[in-house]
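Here are my notes on the model you asked me to look through.

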Amino acid sequence: MVKNPIKVYGRIKPVLNKNQAEEYEINETAEDFETLTFNLKPHGISSTKPETVVYRFQKVFHTSSQEEVFNIVAKPVVDSVLEGYNGTIFAYGQTGSGKTYSMTGGLSCYEDRGIIPRTIQHIFRHFLDVGVTHSTYISYLEIYNETGYDLLNTKVSKLDELPRVLLMEDNSGTMNLRNLSMHAVSSEEEALNFLFLGDTNRMISETPMNPCSSRSHCVFTVHVVTRSASSSTIRRSKLHLIDLAGSERVHKTGIDGNLLTEARYINLSLHYLEQVIVALADSRRTHVPYRNSMMTTVLRDSLGGNCMTAMLATLSSHKNNIDETLSTCRFAQRVALVRNEALLNEEKDPQQEISLLRADVRRLKQQIALLTASAGAQPDDELTEAEVAECRAWVQEYLRRDAGVAEVAGAAAALEDGVVAQQAVPSDPRKVRLCFAMLRDALCGRDGEAPATPTEPKKQELPSKVATQVEHFREIIRQRDSEISILINLLRKEKQRAHATPGSPTPSPADQQDAEADDNFTLAEREAFKIFAADRKNRIEVEMTKTALRAKFEEARVSAERIKLTRKRMVSLHNEMKLLSDSEPAQRAKKAALQEELAGEQASYRKTLMDLQLLKVETGHQKHAVEQAKLRLLRKFQDWWAAQMSCCSPDQAEDDQHRTEDDDEAIDVGKDASVATATASPVTKNEAEQAPAADQAKSKDDEDYIRNSIALTGEPEVDREIIEFYKARNRICQP
């Protein structure tokens, strides 16, 4: 738990005319604070001496750049949010003192970006450098006349038609905002687009104090969720970036009508905010009136709760605004007395916790098995004579057995079922190595006693389980024979079609990959599918859907370019309006015309953006149509392949049967020869040296036999693969 006061910063808006600026001084203190001193001149007849007032801030910015303000005010809070703490940064001050400029920034120059765009950039660069798994979400809330609205709602263009954001409190006391959308963003560009969309929908009016006055409170929230691959901890944090509407004195501005109503709601909500600050600063108060307004309810965690909070007080040095400036400074001093208790927002992911615990269990089981196997004996210790005699007895008993096919198959089945007795396999690795050495020496005739071999080979039947597997493998081999025959026919037809139409274009790799083969396809099915998909009549539906998808992409690109041009035009109009003055009638009329044009551009921007959102949905549907077309092509191929297999089986069955019988006869002959050789005498050294040459000769004979017994394509590579397939088939068929 981190308990610290709210950090308060001041930023003074300079005045172009030095004669209209109030005198002030900025001094540093020994406690790393800065003081702002105003030397007020006497006002009225009763006041004869100048008055000096001093206010203490964490730092006071006078001629600082936007980057310096971000690094000092916002960057520490953003870093704490990335570590898992909640954070809040809000700007407070009178209207026209530079709150929106400090938070959002100016539109004329890239260096004039405010705290919000720089925060977004800092967050995504941090994730790019660190490389952790994260999820980021954006929401934008506007509080206008004590009513909440979602600025990122693109379905409705008018403010009156937007659904109102409602405050809902759950059983745990957490305040939730209903009808406020949260948008997942994966890049800095997406987040900035949402920010620009919200700023476009925000309520802005022209007042005597400010030509672009914000008439509502805005809360831009960034939700961050980070996960670690090495632990099951999830950190959830949120960052509120708040641009409060400016306070104004009605008797100075002389506003009326709708502007007067807006000013009343703004001043009332700021008054409730000050009441909350006063209650938090007074330790004797037990009740804090958060529920008086919607803004204080939203800021309940930021003020005195689980949050790292920083306040930027924007001050005007103009003589006419000195009273509002002093009021802002007094409010900042009260805020500095509030202390927050920030907690690290961590929680455990149950699924990831279970996965990590299972991995630990597997690792510990492996260690236990390793330690149990070598318990009580060192790897370098020698075996005793009794242990050596025991190993020799095991080997001789094993060699005296009649280890036929049935016994080997039964042993394999017993191993699979886990019913082998524990004493059958020694736990000491030294005994295992010695038994293998004795067995190798016995088989090579160096142990003095040759292994007992049967005088006649016993032909035993295989167990039912093994026989079932053998029959299954033979069925697979017959199926592969049919597939090879179909491929050979396809290749012949493709070669004939290529010779018949020499000028026809070859299908491009993109056309051949319109629909990818299933991962469960065999090699033959994959090759057949490539040829099947290359036929234009089979892929016409896929091509039509892909053409429609490309058209949607082109429309989306044109809409994006139009949005980009409209945004540039809006920025240009805004800059032109800044250069015009309201004092001259001609410039005032031109400014009004520019405002109308800007309103039209904003409406066009919103319409184009909504069209782009609709295009995004249509593109998703079109992508689904492409996938469905590919799936239909895949199913069509599967039906065609099944028909080919069924058609090929009757005609090919006799040839395959003849070839299979011939192959089986050859295999039986080779098997009988090998059995006879094995029963004649043990293997000698000269016979072992002649074995490779015999294997090569047998391989050559098998290749000649295959070339003479089946029909080949004439292509060297294809024929070589077919021959290798039949060689492997013959080896598998041998028991």
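What does the accessible surface of the protein come to, and what percentage of it belongs to carbon and sulfur atoms?

1. **Overall picture.** To take that question up: the accessible surface is about 43400 Å², and carbon and sulfur atoms account for 53% of it. Please keep in mind that this is a predicted model. The protein has 735 residues, and 36% of them are buried. Its secondary structure comes to 19 helices and 19 strands. Among contacts with a separation of 6 or more, 71% are between residues 24 or more positions apart.

2. **Strand β17.** This strand covers residues 308-316, and nine of its nine residues are buried, so the rest of the structure largely encloses it. Both faces are covered. On one side sit Met308, Ala310, Leu312, Thr314 and Ser316, and on the other Thr309, Met311, Ala313 and Leu315, all of them buried.

3. **Neighbours of β17.** Which strands pair with β17 in the parallel sense? Strand β2, residues 7-13, runs parallel to β17 and is joined to it by seven bridges. Within this pairing, Val8 has Met311 as its bridge partner. Strand β7 also pairs with β17 in the parallel sense, again over seven bridges. There, Ile89 stands opposite Ala310 of β17.

4. **The annotated site.** The unreviewed UniProt entry lists a "binding site" made up of Gly93, Gln94, Thr95, Gly96, Ser97, Gly98, Lys99 and Thr100. Gly93 belongs to strand β7, which spans residues 87-93. Thr95 is in the loop between β7 and α2. As this comes from an unreviewed entry, I would cite it as a record annotation.

5. **Surroundings of Gly93.** Is Gly93 buried or exposed? With a relative accessibility of 2%, Gly93 counts as buried. Leaving aside residues up to four places away in sequence, Gly93 touches Lys99, Ala245, Gly246, Ser247, Thr314 and Thr328. One of these, Thr314, is a buried residue of β17. Thr95 is buried too, at a relative accessible area of 4%.

6. **Salt bridges across the sequence.** The whole structure holds 12 salt bridges. One of them joins the side chains of Glu169 and Arg291, with an N to O distance of 2.4 Å. These two residues are 122 residues apart and link distant parts of the chain: Glu169 is in strand β10 (residues 164-169), while Arg291 is in the loop between α6 and α7. Glu169 is partly exposed, at a relative accessible area of 37%, whereas Arg291 is exposed, at 59%.

7. **A strand-to-strand salt bridge.** Glu347 and Arg236 form another salt bridge, their closest N and O atoms being 2.7 Å apart. Glu347 belongs to strand β19 (residues 346-348) and Arg236 to strand β16 (residues 233-243), so this pair ties together parts that are 111 residues apart in sequence. Both partners count as partly exposed: Glu347 has a relative accessibility of 37%, and Arg236 has 39%.

8. Where do Arg363 and Asp360 lie? Both are in helix α9 (residues 350-373), three residues apart, which is about one turn of the helix. Arg363 is partly exposed, with a relative accessible area of 41%, and Asp360 counts as partly exposed at 34%.

9. **Cysteines.** How many disulfides does a search of the whole structure find? The search finds zero. A disulfide is a covalent bond between the sulfur atoms of two cysteines. Two cysteines may still be of interest to you. Cys307 is buried, with a relative accessible area of 2%, and Cys329 is buried as well, at 0%.

Methods:
Residues are numbered from 1 along each chain as its sequence is written. This is a predicted model: local features need pLDDT of at least 70, side-chain atom pairs count only at pLDDT 80 or more; totals for chains, interfaces and linings use all residues. Side-chain values use heavy atoms; hydrogens and water are left out. A disulfide is a pair of cysteine sulfur atoms within 2.5 Å. Buried means under 20% relative accessible area, exposed over 50%, partly exposed in between (1.4 Å probe, protein chains only). A salt bridge is a side-chain nitrogen of Lys or Arg within 4 Å of a carboxyl oxygen of Asp or Glu. Helices (H or I, at least four residues) and strands (E, at least two) are DSSP runs, numbered from the N terminus. UniProt positions are given in the numbering used here, feature names are shortened, and annotations may be inferred rather than shown by experiment. Contact means heavy atoms within 4.5 Å. Two strands pair if DSSP finds at least two bridges between them. Accessible areas come from the Shrake-Rupley method with a 1.4 Å probe; for residues, only the protein chains shown count as cover.
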